[in-house]
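Me: I'm new to reading protein structures. Could you show me how to look at a helix and at a few backbone angles?

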Amino acid sequence: MNFICRGALVALGLAVSFAAQAQSWPAQPIRAYIPFGAGSATDIIPRTLFDAMSKELGQQITVENKGGAGGTIGIGEVVRAKPDGYTVLANSSAQTIAPWIVPHFPYDIAKDLSGVLMLGQNSNVLLVLPSKGWKSAKDLIAAAKAKPGTINYGSAGVGTATHISALRFSLAAGMQTTHVPYKGGAEALTDLLGGRIDFLFTPISTALPLIRDHRVLPLMVSTAARASDLPDVPAPGDIGLPNAVTAVWYAVFMPSKTPRDVVEKFHEVGMKVLATPEMKATMKKLAVDPMPMTTAEMDKFVAGDLARNGQ
């Protein structure tokens, strides 16, 4: 048998193997890595979906939080995993920010990972303690300008959407502020409530219970338009800071060499679950707006977001 024929048979064998794998997938539990700590929106939103998807797939999707280094630790677990559909990454728009901020970022987001399912998007909200006496974002800005460098803010980590929201707000307002990064959003929120940091941007879904209990005061949302859950809270443009706009999205990824049939099957099941009345109601409660995309559209969107953040 000549080399060409042997090569063709090998390729055919691989194709048949991948097709058989896709038909039998999932035949074992799926591990989902979240590159931030438990309790953040990046953790809560996919966990909610994975619980429902586990029932549809007939296999449990187990979640492991691997925070730190701007998300690179958790991302690395998935990039290095066997591309067989049994390891997935649940992440936020921080994924397209971190490569431009984290020194020597070790992965190529656009090439090492494939988009599987877009879960939706929401806004971050600027929070302060009522005891600070700041009734508006302009009050906070005035306080920061009166004593440059004395106001600090927390985030879920360097390069996360919560970091970028606060950074863009500070730059747009002309403030000198100090960044205090945490391993996750829950830790940052705890320190805000304890008065150890002055302000924090966090997803609306995480902040709403605390806002309703009057434990924190919302001063501004991060999206271009006001949020339906906080209609009285201004958007950046409302206070003359259009350059402070930041939107947050949540999505699921697999290693780029995962068989396409497996990727599409996960996508199909995920979209089916997202379309149920129960999941729609849950996502609305979490302040997540739908953002439906095909896997191809998602790859294009992520590559575009990555380029925009680089600029």
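This is a predicted model: local features need pLDDT of at least 70, side-chain atom pairs count only at pLDDT 80 or more; totals for chains, interfaces and linings use all residues.

Me: How many residues does helix H12 have, and what does it reach from its first C-alpha to its last?

Reply: Helix H12 runs over residues 295-310 and has 16 residues. From first C-alpha to last it reaches 23 Å, close to the 22 Å expected at 1.5 Å a residue.

Me: Which residues of H12 are buried?

Reply: Here is the general idea: an α-helix has 3.6 residues a turn, so residues three or four places apart point the same way. In H12, the buried residues are Thr 295, Met 298, Val 302, Asp 305 and Leu 306. They lie on the same side of H12, because they cover an arc of only 100° around the axis. Among the elements covering them are helix H10 (260-274) and strand E9 (247-255).

Me: And which exposed residues are on the face turned away from the buried side of H12?

Reply: That face carries Ala 296 and Lys 300.

Me: What should I look for in the backbone angles?

Reply: Most residues other than glycine have a negative phi, and most peptide bonds are trans. Against that background, His 104 has a positive phi, near 55°, and so does Ala 287, near 65°. The bond from Trp 25 to Pro 26 is cis, with omega near 0°; Pro 26 sits in the loop between helix H1 (3-24) and strand E1 (30-34).

Me: Is His 104 buried or exposed? And Ala 287, buried or exposed?

Reply: His 104, in the loop between H4 and H5, counts as exposed because its relative accessibility is 77%. Ala 287, in the loop between helix H11 (277-285) and H12, counts as buried at 9%.

Key
Residues are numbered from 1 along each chain as its sequence is written. Side-chain values use heavy atoms; hydrogens and water are left out. Helices (H or I, at least four residues) and strands (E, at least two) are DSSP runs, numbered from the N terminus. The expected span of a helix is 1.5 Å times one less than its number of residues. Buried means under 20% relative accessible area, exposed over 50%, partly exposed in between (1.4 Å probe, protein chains only). The arc is that of the directions from the helix axis to the C-beta atoms. Contact means heavy atoms within 4.5 Å.
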